[in-house]
Amino acid sequence: MSTDPSFEELIAEGTTAPLPGWDFDWLAGRATEERPPWGYARLVAARMAGAAAALDVDTGGGGVLAEVPHPPRLLVATESWPPNVAVARRTLGRVGATVVAVTPHSPLPFRDASFDLVVSRHPVRTDWPETARVLRPGGTFLSQQIGPGTMRELSEAILGPLPPPAERHPEQATAAARAAGLTVVDLREATLRAVFHDVAAVVWFLRKVVWTVPGFTVDRYRPQLARLHHRIRTDGAFVTHARRFLIEARKLTL
């Protein structure tokens, strides 16, 4: 007799599991995602070692910044999601970083030319003019960004066929950086395999990463989730793809 949890049991589990901060530990054993080949955390650590003043924009829970072995003398992070602000302040206290709560789409609350390094992992949006403003001449911006059509197969499994993505293209980021007066010195792209092993993981992920299926609720998309559950049981897993790009830009010296 099968002991596998039923569709309803999995739906209930994915719906009630907590969504702490911006970590994905709950998905351990339920879903996996390949990491980009460039090693963002390693690149950030290397840049931080040579910086005097650094800013991490949209730090989330502060996990990447907390692992920097040699933080600069001045280290600041911004975060706009209140639950993450509290997590980041606890996490980053041990590396001496200051976490500043901001509101979405607001200017960066820092003086011109405050930092010689600005980093950002998966920003909600990059305000290129503001980034250029707070960078010192010769300073660097390093960011890993979500690419166009990320998790598209999952989005279409719930929503049906979608038009080609219009935003988050690396070429758009490059043009915006140049328009803000920055010089792009590195641009890399990656398509990464992501695997969901049960529908509970899908529900939890859609609750947390809300832009994958805007307005997602279990009740609204129960038939689609049931089809996805059947597909996972038949195929053993559901495979989708995350898209990322790395961009590094510098502000010219005067």
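Reader: Before I look at single residues, what does buried mean here?
Author: Buried means under 20% relative accessible area, and the model to which this is applied is a predicted one.

Reader: Is threonine 78 buried or exposed, then?
Author: Threonine 78 has a relative accessible area of 1%, and because that is under 20%, threonine 78 counts as buried.

Reader: Where is threonine 78, and what does it touch?
Author: Threonine 78 is placed in strand E3, which covers residues 74-79. Leaving aside residues up to four places away in sequence, threonine 78 touches Leu55, Asp56, Val57, Asp58, Thr59, Val100, Val102 and Phe110.

Reader: How does strand E2 join E3?
Author: Strand E2, residues 53-56, runs parallel to E3 and is joined to it by four bridges; alanine 53, for instance, has leucine 74 in E3 as its bridge partner.

Reader: And what about the sheet, how many strands form it?
Author: Eight strands form an open sheet with mixed pairing, and their order is E1-E7-E8-E6-E5-E2-E3-E4. Strand E1 (31-33) and strand E4 (98-101) are the edge strands, each pairing on one side only, and from one strand to the next the twist averages 15°.

Reader: Which strands does helix H6 touch?
Author: Helix H6, residues 152-159, packs on the sheet and touches strand E7 (182-196) and strand E8 (238-251), with its direction at about 130° to that of E8. Helix H7, residues 170-179, also packs on the sheet and touches E7 and E8, but here the angle given is about 155° with the direction of E7.

Reader: Changing topic, which residues have the most contacts inside the largest nonpolar core?
Author: That core has 53 residues, and those with the most contacts inside it are Met48, Leu92, Val202 and Leu225. Helix H8, residues 199-208, gives the most to this core, with eight residues. Apart from it lies another core of 20 residues, among them Leu55, Ala132, Phe141 and Ile247.

Reader: How many aromatic pairs are there?
Author: The count comes to seven aromatic pairs. In one of them, phenylalanine 24 and phenylalanine 205 are tilted, at 6.5 Å centre to centre and with 45° between the planes. The two residues are 181 residues apart, with phenylalanine 24 in the loop between helix H1 (7-16) and E1, and phenylalanine 205 in helix H8.

Reader: Why does phenylalanine 24 count as partly exposed?
Author: Phenylalanine 24 has 31% relative accessibility, so it falls between the cut-offs of 20% and 50%, whereas phenylalanine 205, at 7%, counts as buried.

Reader: What lies over the face of phenylalanine 24?
Author: Lysine 208 does, at 5.5 Å from the ring centre.

Notes:
Residues numbered from 1 in each chain as written. Predicted model: local features only at pLDDT ≥ 70, side-chain atom pairs only at ≥ 80, totals over all residues. Heavy atoms only, no water. Buried < 20%, exposed > 50% of the residue type's maximum accessible area, 1.4 Å probe, protein only. Contact = heavy atoms within 4.5 Å. Core = buried A, V, L, I, M, F, W, Y, C linked by side-chain atoms within 4.5 Å. Pairing = 2+ DSSP bridges. Axes fitted to C-alpha atoms, helices over the stretch in contact; angles between N-to-C directions. Phe/Tyr/Trp six-rings, centres within 6.5 Å; stacked < 30°, edge-to-face > 60°. Lys NZ or Arg CZ within 6 Å of the ring centre and 35° of its normal.
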